[in-house]
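Work through the exercises below with the model open. Try each task before reading its solution.

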Amino acid sequence: MSEIWDAVRASRGWLDAANGTGDTELTCRILKLTEEAGEAAAAWIGTLGQNPRKGVTHTREDVAAELADVVFTALVAIESLGLDARSAVSACAAKVQSRLI
């Protein structure tokens, strides 16, 4: 699992070097989540074949891949805030877990 966190940090470093770290760049990284979520939604619509003109264009595996892009993009955004994504996800999981008890 460390490869996930290593890839998140490497992606943040790559983006920082290419685009800087100012508020505009951080805004774009956060907005990127919306773009990725839209791609996941489009893949699900394609799985259902909801658009009669296009028919079935995606699989559940395609949807899962798009959802993974959403997750990864969120982790990079958290790191870009100067926070530890692993800690943020652990805190979120603990909060959810406490609601299930």
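**Exercise 1. Which residues does Ser80 touch beyond its neighbours within four places in sequence?**

Solution. Take contact as heavy atoms within 4.5 Å. Leaving aside residues within four places, Ser80 is in contact with Arg12, Leu26 and Arg29. Helices here are DSSP runs of H or I with at least four residues, numbered from the N terminus. Last, check accessibility: Ser80 has a relative accessible area of 16% and is buried. Buried means under 20%, exposed over 50%, and partly exposed in between, with a 1.4 Å probe and protein chains only.

Two ground rules apply throughout. The model is predicted, so local features need pLDDT of at least 70 and side-chain atom pairs pLDDT 80 or more, while totals for chains, interfaces and linings use all residues. Residues are numbered from 1 along each chain as its sequence is written, and side-chain values use heavy atoms, without hydrogens or water.

**Exercise 2. How do α2 and α3 run relative to each other, parallel or antiparallel?**

Solution. Start with the axes, which are lines fitted to C-alpha atoms over the stretch in contact; angles run from 0 to 180 degrees between N-to-C directions. The axes of α2 (residues 23-48) and α3 (residues 60-80) come within 8 Å and cross at roughly 170°. Now classify: under 35 degrees is roughly parallel, over 145 roughly antiparallel, 65 to 115 roughly perpendicular, and the rest oblique. So α2 and α3 are roughly antiparallel. Among the residues that meet are Leu26, Ile30 and Trp44 in α2, and Val63, Leu67 and Ser80 in α3.

**Exercise 3. Describe the setting of Glu25.**

Solution. Glu25 lies in helix α2. At 14% relative accessibility, Glu25 is buried. Beyond residues up to four places away in sequence, Glu25 touches Leu15, Asn19 and Gly20. With Asn19 there is a side-chain to side-chain polar contact at 3.4 Å. For distance, compare Gly55: Glu25 and Gly55 are 30 residues apart in sequence and 37 Å apart C-alpha to C-alpha.

**Exercise 4. How many disulfides does the model hold?**

Solution. Apply the rule: a disulfide is a pair of cysteine sulfur atoms within 2.5 Å. The count is zero. Then check the accessibility of two cysteines. Cys28 is partly exposed at 43%. Cys92 is partly exposed at 39%.

Terms used:
Helices (H or I, at least four residues) and strands (E, at least two) are DSSP runs, numbered from the N terminus. A polar contact is a pair of N or O atoms within 3.5 Å; within protein, one must be able to donate a hydrogen and the other to accept it, and residues adjacent in sequence count only if both atoms are side-chain atoms.
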